[in-house]
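Trainee: May we go through this structure together, one question at a time?

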Amino acid sequence: MNDILPEQSSAWQYLEAKFQAVVASYGYGEIRTPIVESSELFNRSIGEVTDIVEKEMYCFEDRNGERLALRPEGTASIVRAGIEHGLLFNQTQRFWYRGPMFRYEKPQKGRYRQFQQIGVEAFGMAGADIDAEVILLCASFWRSLGILDSLTLELNSLGSNSAREQYQSALVQYLSERKEQLDEDSQKRLLSNPLRILDSKEQSTQALLDGAPNLTDYLDEEAAEHFASLRSILDAAGISYKINPRLVRGLDYYNKTVFEWTTDKLGAQGTVCAGGRYDGMVKQLGGKATAAVGMAMGTERLLLMLETLNVVPDQVSQNLDLYLAAEDKGLQGELMLIAEQLRSALPGLRIRVHCSGLKNVLNKARQTGAEKVALVKRAADGELVATLWHGEEVIRDISIAQLSSSL
Ligand code: ATP
Ligand code: MG
């Protein structure tokens, strides 16, 4: 879990502001949900035998003995909120969110135990057009950050639940006959969650899968049409993609479209954004059957990528415009008021007041990198006057009124 310090937070703010501008341009509304939910919510939606639920959730009992969890992702909470507030039945909704997620993982570059996701969820729309919109929205965001060319869109369709089950039996049959060639994890998954074997990072397992039945061949007609229609919208919009028939995602709730945006710029943690369709979840969590599609992206990985590609713009605008200090003791109260007046007269200006010892005050002021420095003193006639530095240029003994007009 990381602290984000002021020198880093400007890059966070930059990225978040870009995302907010993009989601606003697609007409999405922000939803904020609590970071704590009943653990049961995630067990039911993400799936009992997924990595997240089996080993990554932070679970605890509250004083009342209720089983709670720090949320490991956003989708389940948003579905819960949607059902609870009657936002899903017979309506269409487009939400966006951002916030911390928690997973007890092995920390490494691009993988943390508290990390930030930003994402969107769209409800009540069953067609491929909304899948395309979610992907196009991602592409707009990448374009606005200047990283579209460094990302690859991988796409797959998981088909209907029954098509997926048929495929799963075929896969299990194929792999059971070759069980001793599978890595240990995949052998376990053969019983608990066979589709996840497609996701295995083991070379030998991937080689074995080369001869396995192909998910694409098992797609039901409706899912195949949906997939074709999605591809044709993306083609028309000029979004390139790679079909990856082994893309299954680590959460159980997806059907039809799944996708990931990946990069080779970050080493092992190359997935910066992932999403797909999850038409079954609303009903599974107690609502009426509702079509749904969404995506989530990891903010830390995106920031690493921006850094690696050196596309974070200069943060000059974060610098102080004015550092204001007193030259002599006893003026601090008046100095505070001058600063207040300047702030209300010149909204948007960043003004910091010196509130510690006056020794070497000019040097201290300059070290802050402020664009201008003003030192205030009392003149012989009793009026307050200032000396204003702009780099090496100095204007001496100007009145406070003149100070305001020279900023
Ligand atoms: P991965 O395969 O990298 O573990 P995932 O399938 O668990 O990812 P999702 O649950 O789909 O990921 O989350 C969406 C995005 O959130 C990921 O693509 C990634 O960018 C980010 N993410 C997931 N887990 C972490 C983590 N522990 N630390 C930082 N970012 C993360
Ligand atoms: Mg994971």
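Trainee: How many bridges join strand β15 to β16?
Mentor: Helices (H or I, at least four residues) and strands (E, at least two) are DSSP runs, numbered from the N terminus. Two strands pair if DSSP finds at least two bridges between them. Strand β15, residues 384–390, runs antiparallel to β16, and the number of bridges joining them is five.

Trainee: Which pLDDT do local features need in this model?
Mentor: Residues are numbered from 1 along each chain as its sequence is written, while chains are lettered from A and ligands numbered from 1 in the order in which they are written. Side-chain values use heavy atoms, with hydrogens and water left out; the model is predicted, its totals for chains, interfaces and linings use all residues, side-chain atom pairs count only at pLDDT 80 or more, and local features need a pLDDT of at least 70.

Trainee: About what angle does the direction of helix α12 make with that of β12?
Mentor: Helix α12, residues 332–345, packs on the sheet and touches β12, β13, β14 and β15; contact means heavy atoms within 4.5 Å. Axes are lines fitted to C-alpha atoms, for helices over the stretch in contact, and angles run from 0 to 180 degrees between N-to-C directions. With the direction of β12 (322–326), that of α12 makes about 155°.

Trainee: Which strands stand at the edges of the five-stranded sheet?
Mentor: The open sheet has the order β13-β12-β14-β15-β16, with mixed pairing. An edge strand here has a single partner, so one side is left without a neighbour in the sheet. The edge strands are β13 (351–353) and β16 (393–399).

Trainee: What is the average twist from one strand to the next in that sheet?
Mentor: The twist is taken from strand to strand and averaged. The value is 20°.

Trainee: In the three-stranded sheet, why is one side of β2 and of β3 left without a neighbour?
Mentor: The order in this open sheet is β2-β4-β3, and the pairing is antiparallel.

Trainee: Which strands does α2 touch?
Mentor: Neighbouring strands of this sheet are turned by 40° against each other on average, direction ignored. α2 packs on the sheet, its direction making about 70° with that of β2. The strands touched are β2, β3 and β4.

Trainee: Which residue takes a positive phi in the hairpin of β3 and β4?
Mentor: Three bridges join β3 (residues 59–61) to β4, and glutamate 61 stands opposite arginine 67. Five residues lie between the two strands of the hairpin. The one with a positive phi, near 80°, is glycine 65.

Trainee: Are α2 and α4 roughly parallel or roughly perpendicular to each other?
Mentor: The axes of α2 (residues 39–46) and α4 (residues 75–84) come within 9 Å and cross at roughly 105°. Angles under 35 degrees count as roughly parallel, over 145 as roughly antiparallel, 65 to 115 as roughly perpendicular and the rest as oblique. The two helices are therefore roughly perpendicular.

Trainee: Is asparagine 43 buried or exposed?
Mentor: Asparagine 43 lies in helix α2 and touches Glu48, Val53 and Met57, not counting residues up to four places away in sequence. Buried means under 20% relative accessible area, exposed over 50%, partly exposed in between (1.4 Å probe, protein chains only). With a relative accessible area of 17%, asparagine 43 is buried.
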